[in-house]
Amino acid sequence: MTTTVYGLTGGMGMGKTTVARIFEKKGTPVVDSDKLARQVVEPGQPALAEIIDQFGDGIIDPQGRLDRAKMAQQVFGDDIAREQLETIIHPRVRARWQGKISEWRKQQVCLGVVVIPLLFEVEAQNQFDVVLCVACSASTQRERLRQRKWDEEQISARIASQMDIADKMKLADHVLWNEGDMDLLRDQINRIF
């Protein structure tokens, strides 16, 4: 049996996590690169030491963990700093999701999903059999990000740090439009499969 591997991408606040949960409820294995990115910067991990060397220990909280809010303040809006951080984190994250794909193939899992917000930005699209892009309108995206307690400056900086969603939609094999209710999103996923 051949394993079909789907790459799932989209803009922040557009519903990647929601789509991933739908797949998981169907019994499909999912690996989320955002979760992997948190793992590679845990205390004791080489990536955390490199981040401290690069950015200083002011980005570490009292428990010795990466203070993600402080790190975000430093890198969003500063392309050089963001690229330095990505150079430390992205190869480690890629190695982990590639390892998971290898496991799926050995186990002869028929379908697996890898969630990568920056899938096209890191040029990972060729690693997947099919690329799905979750999208919504800019106003819906901003409203969802405001619900995360981000201010307008944070929202704009983070959106600007990613490829325009229209470009992602053009590059993807399928687009899941996430403006309606969950049933509509499920129906779109079911139609793809």
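Where does glutamine 108 lie? Glutamine 108 is in the loop between α5 and β3. The views below show a predicted model, in which local features need pLDDT of at least 70, side-chain atom pairs count only at pLDDT 80 or more, and totals for chains, interfaces and linings use all residues. Residues are numbered from 1 along each chain as its sequence is written, and side-chain values use heavy atoms, with hydrogens and water left out.

**View 1**
Helix α5 covers residues 79-106. Helices (H or I, at least four residues) and strands (E, at least two) are DSSP runs, numbered from the N terminus. The helix has 28 residues and reaches 39 Å from its first C-alpha to its last. That is close to the 40 Å expected at 1.5 Å a residue; the expected span is 1.5 Å times one less than the number of residues. A kink of about 35 degrees is centred on glutamate 86. The bend at a residue is the angle between axes fitted to the seven residues ending there and the seven starting there.

**View 1. The N-terminal end of α5.**
Aspartate 78 caps this end of the helix. One of its side-chain oxygens lies 3.2 Å from the backbone nitrogen of isoleucine 80.

**View 2. The buried residues of α5.**
Buried means under 20% relative accessible area, exposed over 50%, and partly exposed in between (1.4 Å probe, protein chains only). The buried residues of α5 include Leu85, Ile88, Ile89, Val93, Trp97, Ile101 and Trp104. Their cover includes the strands β1 (4-10), β2 (30-32) and β3 (111-115). The helices α2 (33-39), α3 (46-55) and α4 (68-75) are also among the covering elements.

**View 3. Arginine 82 in α5.**
Arginine 82 lies in helix α5. It counts as buried because its relative accessible area is 13%. Arginine 82 touches Val75, Phe76 and Ser161, not counting residues up to four places away in sequence. Contact means heavy atoms within 4.5 Å.

Most residues other than glycine have a negative phi. Glutamine 108 is partly exposed, with a relative accessible area of 44%. Lysine 149 is not a glycine either, and has a positive phi of about 70 degrees. Its place is in the loop between α6 (138-146) and α7 (152-160). Lysine 149 is exposed, at 73% relative accessible area.

**View 4. Leucine 111 in strand β3.**
Leucine 111 lies in β3. It is buried, with a relative accessible area of 15%. Leaving out residues up to four places away in sequence, leucine 111 touches Thr4, Tyr6, Thr28, Pro29 and Phe193. Its C-alpha is separated by 9.9 Å from that of isoleucine 101, ten residues apart along the chain.

**View 5. Helix α1 against helix α9.**
Helix α1 (residues 16-25) and helix α9 (residues 182-192) pack at an angle of about 65 degrees. Their axes are 11 Å apart. Axes are lines fitted to C-alpha atoms, for helices over the stretch in contact, and angles run from 0 to 180 degrees between N-to-C directions. Thr18, Val19, Ile22 and Phe23 in α1 meet Met182, Leu185, Arg186 and Ile189 in α9.

**View 6. Glutamine 188 in α9.**
Glutamine 188 is found in helix α9. At 11% relative accessibility, this residue counts as buried. Glutamine 188 is in contact with Val175, Leu176 and Trp177, leaving aside its neighbours within four places in sequence.

Methods. A polar contact is a pair of N or O atoms within 3.5 Å; within protein, one must be able to donate a hydrogen and the other to accept it, and residues adjacent in sequence count only if both atoms are side-chain atoms.
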